[in-house]
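Please read the following note alongside the sequence and the model.

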Amino acid sequence: RTVREWQALGVLTAPPQPQLTRTSASAALILPAGHRGSAFLVLANFRAILRYNYSTADSDTTKNNAMVALGRDWLFSESRWFMFTRSRFDYDDFRTWEFRLQGDAGVGYQFIERETFQLRGRTGPSVVQEWNENQFRSEWLAGPELVWQLTPNQKIEARNLFYYSFTPWGEFRNVSNVDWKWNLAQKPALSLKAGIENEYQSDVAPGDKKNDLKYYTSIGIDF
């Protein structure tokens with residue numbers, strides 16, 4: 001549910017705290033001490049993703065990769081600005097680097113915030129360590145993200161992040177994602193997610209590919 005829907009049901013901030021103004025943001029009601037204890041309305045500011053992809057053709061392995069990502073946004077109720085941190089670990093048996101660890105941090109701005117459509121942008125520094133090639137890069141990221149709520153149970157999320165490298169100077173990456181999410185059940189909060197991701201890297205090692213396109217589907221549980 002959105003903050004506006006919770007407020008319509010009578011879930012309000014306890015005085016003297018002001019009421020939340022980001023009424024189109026998704027939120028969950030948490031009762032850690034049961035119905036007689038304190039209630040917390042938690043905004044969608046933390047994300048954890050785990051993905052694994054393995055496939056074969058004619059008994060030969062054609063794909064073997066995995067990704068773990070953690071991210072958090074610090075939202076401010078009276079402002080469109082927010083802060084963020086993110087980390088991501090990639091494994092890909094078919095890339096020359098094989099293992100990659102990445103960390104991002106920075107600021108973001110909510111350009112459009114409606115009940116069925118949100119558009120935000122984020123920018124900040126990023127560091128990347130790739131093993132096998134033993135390469136360390138410092139980058140700067142920038143890009144937009146959007147969320148389009150199609151129905152109460154379905155939404156589309158899309159993002160495009162551009163990473164410009166300072167070390168080595170002049171190289172860049174571009175990572176694009178489009179995800180479709182369908183809520184299957186409320187208790188527990190099960191969802192089906194299908195998406196596509198493409199990463200373009202301007203300079204790659206001999207034998208590697210500049211475009212890396214991945215398709216994926218997953219079952220998720222929201223906490």
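Which strand supplies the largest share of the lining of the largest cavity? The answer is strand 5, with four residues.

1. Basis of the note. This is a predicted model, in which local features need pLDDT of at least 70 and side-chain atom pairs count only at pLDDT 80 or more, while totals for chains, interfaces and linings use all residues. Residues are numbered from 1 along each chain as its sequence is written, and side-chain values use heavy atoms, with hydrogens and water left out.

2. The cavity. The structure holds one cavity of 30 Å³ or more. A cavity is a set of points, on a 1 Å grid over the protein atoms alone, where a 1.4 Å probe fits but cannot get out; lining residues have an atom within 4 Å of a point. The volume of the largest cavity is about 80 Å³, a volume being the space filled by probe spheres set on the grid points, which are joined across faces, edges and corners.

3. Its lining. The largest cavity is lined by 14 residues, and N65, A66, R88, D90 and K214 lie nearest its centre. At least two lining residues come from each of strand 4 (60–75), strand 5 (81–92), strand 11 (190–201) and strand 12 (211–221). Strands here are DSSP runs (E, at least two residues), numbered from the N terminus.

4. Salt bridges. Side chains of opposite charge can pair when their charged atoms come close. The structure holds 24 salt bridges, each a side-chain nitrogen of Lys or Arg within 4 Å of a carboxyl oxygen of Asp or Glu. A network of them links R51, R88, D90, R100, E130, R137, E139, R173, E197 and E199.

5. A link between distant parts of the chain. R95 pairs with D208 in a salt bridge whose closest N and O atoms are 2.9 Å apart. R95 lies in the loop between strand 5 and strand 6 (99–113), and D208 in the loop between strand 11 and strand 12, 113 residues apart. R95 is buried (under 20% relative accessible area), with a value of 5%. D208 also counts as buried, at 16%.

6. Two further buried pairs. K214 and D212 form a salt bridge at 2.5 Å, N to O, and both residues are buried. K155 and E157 form another, at 3.5 Å; K155 and E157 are likewise buried.

Technical notes: 1 Å grid on protein atoms, 1.4 Å probe; cavity = no way out; pocket = protein on both sides within 12 Å on 5 of 7 lines; lining within 4 Å. Buried < 20%, exposed > 50% of the residue type's maximum accessible area, 1.4 Å probe, protein only.
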